[in-house]
Amino acid sequence: MSLSAQCPAYAPFFGFSGVAAAMIFSSMGAAYGTAKAGIGIAGMGTFKPELIMKSLIPVVMSGIIAVYGLVIAVLIAGELSPTEPYSLFNGFVHMAAGLCVGLTGLAAGWTIGIVGDMGVRSYLLQPRIFVSMVLVGAEG
């Protein structure tokens, strides 16, 4: 099989779609997690403002989700070069990697947002729940 058959002109499209999927989906998850946990912090902060700083942990954890998508996007984009041949196999591998990281980031951000919201509201009522909130949110 010739090099032009293994490296068609449309192969980089799939690699760049992996870059886009990693960034878009993981950022959507981080945004949802930040918003959902922020709503809980705003509701809790009206009753006990002194607990707001400790309650920011779910917001920070959901923000880290977007960083994972950024790292994978940079790694995939580093493999793409206009001067070197890019195979269709590499395009599909990079698309799959971007989709895996992006969709996982979306699910993790969703989970961290829900757990962070309920954890922060529970922390208002019972301060001993803090460690559980951090551990369950970290597994999201």
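Predicted model: local features only at pLDDT ≥ 70, side-chain atom pairs only at ≥ 80, totals over all residues.
View 1. The unreviewed UniProt entry lists residues 92-115 as "transmembrane region", along with residues 12-35 and 56-77. For residues 12-35, the chain is 100% helix and 0% strand, and the end C-alpha atoms lie 34 Å apart.

**View 2. Packing of helix α2 against helix α4.** Helix α2 is formed by residues 11-45 and helix α4 by residues 88-125. Their axes are 7 Å apart and meet at an angle of about 0 degrees. Because angles under 35 degrees count as roughly parallel, α2 is roughly parallel to α4. Sorted by class, the contact of α2 with α4 holds 21 nonpolar, 15 polar and three charged residues.

**View 3. Packing of helix α2 against helix α3.** Helix α3 consists of residues 57-79. The axes of α2 and α3 lie 8 Å apart, at an angle of about 175 degrees. The two helices are therefore roughly antiparallel to each other. Their contact contains 15 nonpolar and 10 polar residues, and no charged residues.

**View 4. The largest nonpolar core.** Eight residues form the largest nonpolar core: Ile41, Met44, Leu51, Val120, Tyr123, Leu124, Phe130 and Met133. Two or more residues of this core come from each of α2, α4 and α5 (130-138). Helix α4 gives the most, with three residues. A second, separate core has five residues, among them Ala30, Met61, Ile65 and Ala108.

View 5. Val120 is one of the residues of the largest nonpolar core. Leaving aside residues up to four places away in sequence, Val120 touches Gly40, Ile41, Met44, Ser55, Pro58 and Met133.

View 6. The unreviewed UniProt entry carries the annotation "domain: V-ATPase proteolipid subunit C-like" for residues 18-76 and 95-136. Residues 18-76 are 81% helix and 0% strand, and the C-alpha atoms at the ends of this span lie 8 Å apart. Residues 95-136 are 90% helix and 0% strand, with end C-alpha atoms 30 Å apart.

Notes: Residues numbered from 1 in each chain as written. Heavy atoms only, no water. Axes fitted to C-alpha atoms, helices over the stretch in contact; angles between N-to-C directions. Helix = DSSP H or I, 4+ residues; strand = E, 2+ residues; numbered from the N terminus. Parallel < 35°, antiparallel > 145°, perpendicular 65-115°, else oblique. Nonpolar A, V, L, I, M, F, W, Y, C, P; charged D, E, K, R; others polar. Core = buried A, V, L, I, M, F, W, Y, C linked by side-chain atoms within 4.5 Å. Buried < 20%, exposed > 50% of the residue type's maximum accessible area, 1.4 Å probe, protein only. Contact = heavy atoms within 4.5 Å. UniProt positions renumbered as here; feature names shortened; annotations may be inferred.
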